[in-house]
Amino acid sequence: MTGRALLLRLGQMVFVLWVVTTLLFFLFRMMPGSPLAAYIDTSMTPEQQTILLHQFGLDRPLYQQYGLYLFNLAQGSLGFSFIYKTPVGSVLLTALPNTLLLTLSSLLVAYAFGILAGAFLAARRGTWIEAVSLPFVLASRALPEFWLGMVLLAILSFSFGWFPAGGATSPGASFPNEWARFTSLDYLHHLVLPALTLAIFLQGLPLLLMRSNMLEVMQEEFVVMSRMKGLSEWSIIIRHAARNALLPVATALALGIGSSIGGNVVVESVFSWPGLGRRLVEAVSASDYPLAQGAFLMIATAQVVMNCVADLVYATLDPRVGRR
Amino acid sequence: MSGAVVLATPIGGTRSLLARQVRDPWFITGASIYLAFLLIALFADVIAPNPPKDILFLADGRLAAALHPSAEFPLGTTTSGGDIFSQLIHGARSALLVGTSAAVVVVSVGTLMGLFAGYFGGWIDAVLMRVADIALGLPLLPSVIVLAAFLGPNTWNVVLAISALLWPNSARIIRSQVMSLRERAYIEAARAAGSSHLSILFRHIAPNILPLAFLFGSIAVGWAILTEASVSFLGFADPDATTWGFMLQDAYVSQALSRGLFNWFVPPGICIILLVSAGFFISRGYEQLLFPRLRD
């Protein structure tokens with residue numbers, strides 16, 4: 001990728017982020033009701049309410065509010081949550097590690113399984129194994145994630161009692177620091193079911209991609225060449241074909257990280273997992289506009305940045321792209 | 001990358017592609033599932049023994065709550081005395097309605113945008129594709145939740161929100177197809193014969209991208225149904241509509257999971273899987289449609 005192409009792509013990313021930020025500002029300003037409705041106490045006198053409106057800058061014209069919003073955002077200030085009564089930034093920062101751990105662990109499992117199973121299915125093309133497993137793979141992509149989570153909860157948690165029914169740690173559990181919390185057995189035990197749910201939903205894409213790429217690559221001249229050299233079929237598959245088939249899978253992984261962070265919303269809700277998606281749903285239901293805006297912005301930023309990373313990965317790994 | 005999605009027979013038009021599809025066992029399976037659900041939806045009032053929102057009572061006057069499946073209630077009842085089977089039947093109606101209407105909007109907007117961007121190129125292409133970039137940058141489910149909360153909990157607002165976010169996917173695929181068609185000799189000939197831009201676009205190019213649009217539509221039906229179910233499950237959909245997502249939310253908040261009422265929350269999920277995978281079956285083999293960004 002040339003420097004110019006890189007700059008163009010980064011510029012596009014910044015442009016999209018700016019538009020999303022702006023859209024969000026006007027959308028939330030047009031929401032029904034005063035943005036302070038949930039914050040203002042009925043016992044407050046009109047004077048107190050006016051002072052509060054002034055403090056939040058809500059008595060100024062819209063364009064000044066917009067300027068203030070961008071100015072605060074640039075400094076990392078996202079406002080004050082109505083329901084938590086703390087800065088939005090700190091609410092989101094406690095939720096972010098939970099979402100990242102859930103997303104990354106499920107993607108890791110999904111892609112490791114999907115790549116291996118996809119390569120295997122490509123090698124078994126036209127057999128009964130393919131005929132039996134493909135409909136299941138397609139059906140796994142048609143699953144509503146939250147429903148899969150409900151079924152797993154009902155069986156593995158409520159019937160067998162193997163896993164906790166929700167949350168990230170047991171009630172009353174305390175840890176000396178955050179690191180100890182995330183590495184505790186208790187936390188991992190809570191992580192298994194939501195991560196498994198997501199992994200089952202996510203494995204279909206890398207599996208199908210890997211399979212179709214392998215089928216394509218196996219037709220190419222260098223594979224025919226290796227076969228003529230007398231290399232064993234598995235050595236061709238692993239050492240030559242798989243490498244070339246992995247490129248679109250790597251791109252899909254980058255895109256997957258971005259879109260899963262937003263897509264986690266339902267799974268986090270089913271398992272009461274204290275992540276970004278759950279905070280967003282909570283905030284929208286309770287009309288906590290600053291928190292909803294902040295959570296949405298964080299999820300959208302992750303997706304826009306990962307879309308850009310996906311393009312860069314693609315351009316770096318595939319020499320044919322970007323040299324036009 | 002050539003940038004173009006190449007169909008096996010792009011010039012054969014809709015008829016030959018469909019003829020080939022009709023013999024495919026995957027296509028037959030998918031189409032039969034669609035047809036079955038269509039019949040259920042059309043005759044929902046006849047098939048369902050009870051109105052879906054009715055609270056039912058037993059002969060002795062007790063609330064018919066959390067009953068096991070029986071002859072009278074084939075799938076049992078909910079904890080608040082609703083007939084699960086009747087709700088399931090009526091759910092097919094709204095699922096098909098949401099799925100097909102969102103798919104029609106997504107595909108028609110996407111096709112028009114793709115046609116214009118791909119055919120005219122230049123600034124029209126640049127503007128349309130930047131708008132598409134923005135829509136693709138928005139996270140699907142969170143955006144639909146926020147839009148539904150803003151516009152009001154109504155099924156059509158959910159359809160509108162889904163359509164607003166999904167059209168760029170089809171626009172990008174159609175665009176690259178149009179860009180390769182534009183260079184063909186017969187388009188060149190039509191131009192030389194004095195055909196106007198609009199005539200070339202709609203009489204010579206559009207018929208060739210219809211199969212692609214049709215296949216994309218069958219996948220979009222599934223996306224729309226899944227998204228609508230998620231939005232209903234999170235409680236941001238029309239509380240008066242009987243949808244599978246609403247049934248699942250009802251079961252979840254009524255502790256159906258800890259009580260082991262599988263007869264309540266398993267059937268709606270199975271129906272969603274069947275209907276959504278029917279679209280995937282129909283479009284199988286056109287995998288580039290499933291992940292457009294990867295091939296673009």
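**Figure 1. Burial and helices in chain B of the predicted model.** Buried residues make up 49% of the 296 residues in chain B. The model is predicted. The secondary structure of chain B consists of 12 helices and zero strands. Of the contacts in chain B with a separation of 6 or more, 73% are between residues 24 or more positions apart.

**Figure 2. B:Leu274 in helix H11 of chain B.** B:Leu274 belongs to helix H11 of chain B, which covers residues 262–282. Because 16 other C-beta atoms lie within 10 Å, B:Leu274 is partly exposed; a buried residue would need 20 or more, and an exposed one 12 or fewer. B:Gly222 is 52 residues away from B:Leu274 along the chain, and the C-alpha atoms of these two residues are separated by 9.8 Å.

**Figure 3. Helices of chain A.** Chain A has 14 helices and zero strands. Buried residues account for 38% of its 324 residues. Of the contacts in chain A with a separation of 6 or more, 74% are between residues 24 or more positions apart.

**Figure 4. Helix H1 of chain A and its buried residues.** The 28 residues of H1(A), at 1.5 Å a residue, should span 40 Å. The end C-alpha atoms of H1(A) are 41 Å apart, which agrees with that expectation. Within H1(A), the residues A:Met13, A:Val16, A:Val20 and A:Leu24 are buried.

**Figure 5. Helix H4 of chain A and its kink.** Helix H4 of chain A runs over residues 88–123, and its 36 residues should span 52 Å at 1.5 Å a residue. H4(A) has a kink of about 30° at A:Ala95, shortly before the proline A:Pro97.

**Figure 6. Packing of helices H10 and H11 in chain A.** Helix H10 (residues 221–228) and helix H11 (residues 233–263) of chain A pack at an angle of about 150°, and their axes are 11 Å apart. The crossing of H10(A) with H11(A) is right-handed. On the H10(A) side, A:Phe222, A:Val223, A:Ser226 and A:Arg227 take part, and they meet A:Ile236, A:His240 and A:Ala241 of H11(A). The residues of this contact comprise four nonpolar, two polar and one charged.

**Figure 7. Two loop residues of chain A with positive phi.** Most residues other than glycine have a negative phi. A:Lys85 is not a glycine, yet its phi is positive, at about 55°. A:Lys85 is located in the loop between helix H3 (62–74) and H4 of chain A. This residue is exposed, because 9 other C-beta atoms lie within 10 Å of A:Lys85, and a count of 12 or fewer defines the exposed class. A:Ser272 likewise has a positive phi, of about 45°, although it is not a glycine. A:Ser272 lies in the loop between H12 and H13 of chain A. A:Ser272 has 14 C-beta neighbours inside 10 Å and therefore counts as partly exposed.

**Figure 8. The contact between chains A and B.** In this view, 47 residues of chain A are in contact with 40 residues of chain B. Among the elements of chain A that give two or more residues to this side are helix H1 (3–30), helix H5 (128–141) and helix H14 (289–317). H6(A) provides the largest share of the side of chain A that touches chain B, with eight residues. By class, this side of chain A holds 34 nonpolar, 11 polar and two charged residues.

Conventions. Residues are numbered from 1 along each chain as its sequence is written. Chains are lettered from A and ligands numbered from 1 in the order in which they are written. This is a predicted model: local features need pLDDT of at least 70, side-chain atom pairs count only at pLDDT 80 or more; totals for chains, interfaces and linings use all residues. Axes are lines fitted to C-alpha atoms, for helices over the stretch in contact, and angles run from 0 to 180 degrees between N-to-C directions. Helices (H or I, at least four residues) and strands (E, at least two) are DSSP runs, numbered from the N terminus. A crossing is left-handed if the near helix is turned anticlockwise from the far one by less than a right angle, and right-handed if clockwise. Two residues are in contact if their C-beta atoms, placed from the backbone, lie within 7 Å. Ala, Val, Leu, Ile, Met, Phe, Trp, Tyr, Cys and Pro count as nonpolar, Asp, Glu, Lys and Arg as charged, and the others, Gly among them, as polar. The expected span of a helix is 1.5 Å times one less than its number of residues. The bend at a residue is the angle between axes fitted to the seven residues ending there and the seven starting there.
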